[in-house]
Amino acid sequence: LGGALWDMRTNLIDTLGEDEGLALARELFVGQILTGLHTMAPGVTIDLLVLDDDDDNVSNGTPHYHAINGAFAEHGMPGPTVLFNDGDYNGDGDIDLADYAAFHDCTTGPDGSIPEECTSGDFDGDGDIDLLDFRRVSSRFTGDCGVLLVQEPESVTACFGDLVLFTMSGVGNVEEYVWTHDGVIVSGANNQILVINPVTAGTLGRYRGVVVGGCAAAVSEEVTLSLPDPPIIVELPEDVATCVGESATFAVVGTGWETLGYQWRRDDVEIVGATDAAYTIDSVTHDDIGIYTCVVSDRCGQSASTESAPVSLSLIPPDIVTQPQQFLTCEGLGAEFNIEVAGPPPIGYQWRFEGVDIPGAVSPMYAIESVTDDDLGVYRCVVSDGCGGSVISQAARLRYGNVVLNSQPAGGTFCAGELIFMIAGAADGVSFQWFKDGLPVPGAISPFLVIQNATPEDSGTYHLLANGLCNEITSEDVIVTVIACTDGS
């Protein structure tokens, strides 16, 4: 507003000279403050034009219309468009054959000079009165009592509480102007400018302007007063993984009506000052880690949110190259767990037993010199790096390496030539050996024994000796008998 007033002052000085132009600018400025009811466009512009008017009819222009309206139009605050030359040469309120005759007398052709009394006929401002100007008169012919709508109202998008103007202009034998809203005549709206102040839900809808003459009427096209569509987010922000002390930026792209507003949130709490399309953290700390969203809104308060697609700020974790593994030991013996990690230094380690930090266990290897029952359980390692990120390893269990037989082998009577299969279910066995009649069976060093094409010589008493890390256990003896079978018996 201040820029528009200053440009108006400049335009008036350029037009009238410094003294007269400055005096008029001050007069208009003070008059608008004292009498004007408006503080925003286009109301201020209209207030100033009314103060400048000299015939109680702003629609036909004011003495300094171009200086005033031009300044405010440059700043996006134009007043209503006015019609200076309407073709009514004799001023009788219509454009008829008498005006055609007057125009004919003033015609100069494309290269002629314009007589002083005919200057109003140069509609296109090219310094002559020719067929191009005649087109203006012809297009506005009304006859003795007709009217013609020469300026149509335009649709308006606005917010609740705004001031809105619809403007129409007619020529000819104009008797009154009428406005309709959703097909109903607007009471008291009998001017070429319809002022809606403020915009409410009840004022939204369809409008038409009607120019009424002595024997005809002209109806405008239908226009609308509507709220803008809510903003749309066309590019969502993306997750960011970084290091402590580094910068991080989230950005969103929204489209919508007029200038959009932005508000970033972390973990559903508004971030003070984060009101641009991009939000940058210059030096990330642990307090900045969280979930980020952005609400994009327009001047009307309508908004779109990225909460349907929240993004996270996290610290880059180290990469565990080799996970700690299960460890079998015996009571009184030692045990150790190892982990191999890649990542920006320094790398930190913290071993845990059953979810509790082990004091002093802060290296890639954790060793126990003499295992007791209290040491048996699940171990993990929490690893951190120079970025401030951390990750926890997979679980590794420490157990005694005691072999256990879950099932016993089974013997029986078999026919010669058959296949004999015996198995003992052994858990945590380190080594195995089958025996027949007290002697080791060569090559039989697994929990199961297979005898192909059995012969009577394979008959005997069998058992399995299973060795664990901390113990050994012998299965039950089973008797195998192999006989020669005939005729399927």
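Student: Which residue forms a salt bridge with Arg-299 with the closest N and O atoms 2.8 Å apart, and sits 137 residues away from it?

Tutor: Happy to start there, and keep in mind that this is a predicted model. Arg-299 is in the loop between β18 (290–297) and β19 (303–305), and its partner is in the loop between β2 (156–157) and β3 (164–167), so we are looking at a pair that links distant parts of the chain. The closest N and O atoms are 2.8 Å apart, and the partner is Asp-162.

Student: Is Asp-162 buried, partly exposed or exposed?

Tutor: Let's compare the values with the cut-off. Arg-299 has 42% relative accessibility and counts as partly exposed. Buried means under 20% relative accessible area. Asp-162 has a relative accessible area of 9%, so Asp-162 is buried.

Student: How accessible is Glu-258?

Tutor: Partly exposed covers the range between the buried limit of 20% and the exposed limit of 50%. Glu-258 falls in that class, because its relative accessibility is 46%.

Student: How many residues apart in sequence are Glu-222 and Arg-206?

Tutor: These two form a salt bridge, with the closest N and O atoms 3.2 Å apart. Glu-222 lies in the loop between β9 (217–219) and β10 (223–226), while Arg-206 is in strand β8 (residues 205–213). The pair therefore ties together parts whose separation in sequence is 16 residues.

Student: How many salt bridges does a search of the whole structure find?

Tutor: We have talked about some of them, including Arg-299 with Asp-162 and Glu-222 with Arg-206. Over the whole structure, the search finds 5.

Student: Now to the strands: which residue in β26 stands opposite Arg-352?

Tutor: Strand β25 (residues 348–353) pairs in the antiparallel sense with strand β28 (residues 377–384) over 6 bridges, and there Arg-352 stands opposite Arg-380. β25 also pairs in the antiparallel sense with strand β26 (residues 356–357), over 2 bridges. In β26, the residue opposite Arg-352 is Asp-357.

Student: Which residue takes a positive phi in the hairpin of β25 and β26?

Tutor: This hairpin has 2 residues between the strands. The positive phi, near 55 degrees, belongs to Glu-354.

Methods:
Residues are numbered from 1 along each chain as its sequence is written. This is a predicted model: local features need pLDDT of at least 70, side-chain atom pairs count only at pLDDT 80 or more; totals for chains, interfaces and linings use all residues. Side-chain values use heavy atoms; hydrogens and water are left out. A salt bridge is a side-chain nitrogen of Lys or Arg within 4 Å of a carboxyl oxygen of Asp or Glu. Helices (H or I, at least four residues) and strands (E, at least two) are DSSP runs, numbered from the N terminus. Buried means under 20% relative accessible area, exposed over 50%, partly exposed in between (1.4 Å probe, protein chains only). Two strands pair if DSSP finds at least two bridges between them.
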